[in-house]
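Subject: Structure handover

Hello,

Please find below the structure you are taking over. My notes on what was found in it follow.

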Amino acid sequence: TMHRFQRGIGLLARRGHAPVVPVAIDGSLRAWPRGARWLRRSDVRIALGAPIPHDGAPTREGDQAFADRVADAVAALRRSLPPPRP
């Protein structure tokens, strides 16, 4: 599950004048479960989105709105990933 993205991502993007590239990763927990010492053979799927520039207002609300846009882009990328192989 995805938690709500925090506004800090908007603050960093705005202050750094850098776009954020949304990335979706699925399968990493199966490949390396918590507490495991070694990787397991498993498919890991990754999708990269288009860079998102921060062009909103320099306020807390503007930074949170940007973080919400990035979260929406990551969620869309997750939905676009192909299903895992059996």
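D26 is partly exposed, with a relative accessibility of 26%; buried stands for under 20% relative accessible area, exposed for over 50%, and partly exposed for what lies in between, with a 1.4 Å probe and protein chains only. The model is a predicted one, in which local features need pLDDT of at least 70 and side-chain atom pairs count only at pLDDT 80 or more, while totals for chains, interfaces and linings use all residues. Residues are numbered from 1 along each chain as its sequence is written, and side-chain values use heavy atoms, with hydrogens and water left out.

Salt bridges

Which residues does D26 pair with? D26, R30 and R45 are linked in a network of salt bridges. A salt bridge here is a side-chain nitrogen of Lys or Arg within 4 Å of a carboxyl oxygen of Asp or Glu. Side chains of opposite charge can pair when their charged atoms come close.

In the pair of D26 and R45, the closest N and O atoms are 2.1 Å apart. This pair links distant parts of the chain, as D26 is in strand 1 and R45 is in strand 2, 19 residues apart. Strands (E, at least two residues) and helices (H or I, at least four) are DSSP runs, numbered from the N terminus. R45 counts as buried because its relative accessibility is 11%. In the pair of R30 and D26, the closest N and O atoms are 3.7 Å apart. R30 has a relative accessible area of 41%, so R30 is partly exposed.

The count by this rule comes to 5 salt bridges. Another pair is D55 with R69, at 3.5 Å from N to O. Here too the pair links distant parts of the chain: D55 is in the loop between strand 2 and helix 3, R69 is in helix 3, and the two are 14 residues apart. D55 is exposed, at 61% relative accessible area, whereas R69 is partly exposed at 38%.

The largest pocket

A pocket is found on a 1 Å grid over the protein atoms alone: it is an open set of points with protein on both sides within 12 Å along at least five of seven lines, while a cavity is a set of points where a 1.4 Å probe fits but cannot get out. Lining residues have an atom within 4 Å of a point. Grid points are joined across faces, edges and corners, and a volume is the space filled by probe spheres set on the points.

How much space lies in the largest pocket? The value is about 240 Å³. Its lining is made of T1, M2, A24, I25, D26, G27, S28, L29, V74 and R78. Strand 1 (23-26), helix 2 (28-31) and helix 3 (60-80) are the elements that give two or more residues to this lining. Strand 1 gives the most, with 3 residues. By class, the lining has 5 nonpolar, 3 polar and 2 charged residues; Ala, Val, Leu, Ile, Met, Phe, Trp, Tyr, Cys and Pro count as nonpolar, Asp, Glu, Lys and Arg as charged, and the others, Gly among them, as polar.

T1, one of the lining residues, is in the segment before helix 1 (8-16). T1 counts as exposed, at 93% relative accessibility.

The nonpolar patch

V21, V23, I25, V44, I46 and L48 form a nonpolar patch on the surface, with about 540 Å² of accessible area together. Patches are made of residues with over 30% relative accessible area and no salt bridge, where nonpolar side chains (Val, Leu, Ile, Met, Phe, Trp, Tyr) are joined within 5 Å and like charges within 9 Å. Accessible areas come from the Shrake-Rupley method with a 1.4 Å probe, and for residues only the protein chains shown count as cover. Strand 1 and strand 2 (45-48) are the elements that give two or more residues to the patch. I46 lies in strand 2 and is exposed, with a relative accessible area of 55%.

Two loop residues

H17 is in the loop between helix 1 and strand 1. H17 has a positive phi of about 50 degrees, although it is not a glycine. Most residues other than glycine have a negative phi. H17 is exposed, at 73% relative accessible area.

I52 is in the loop between strand 2 and helix 3. Is I52 buried or exposed? I52 counts as buried, at 11% relative accessibility. I52 and A18 are 34 residues apart along the chain, and their C-alpha atoms are separated by 8.8 Å.

Regards
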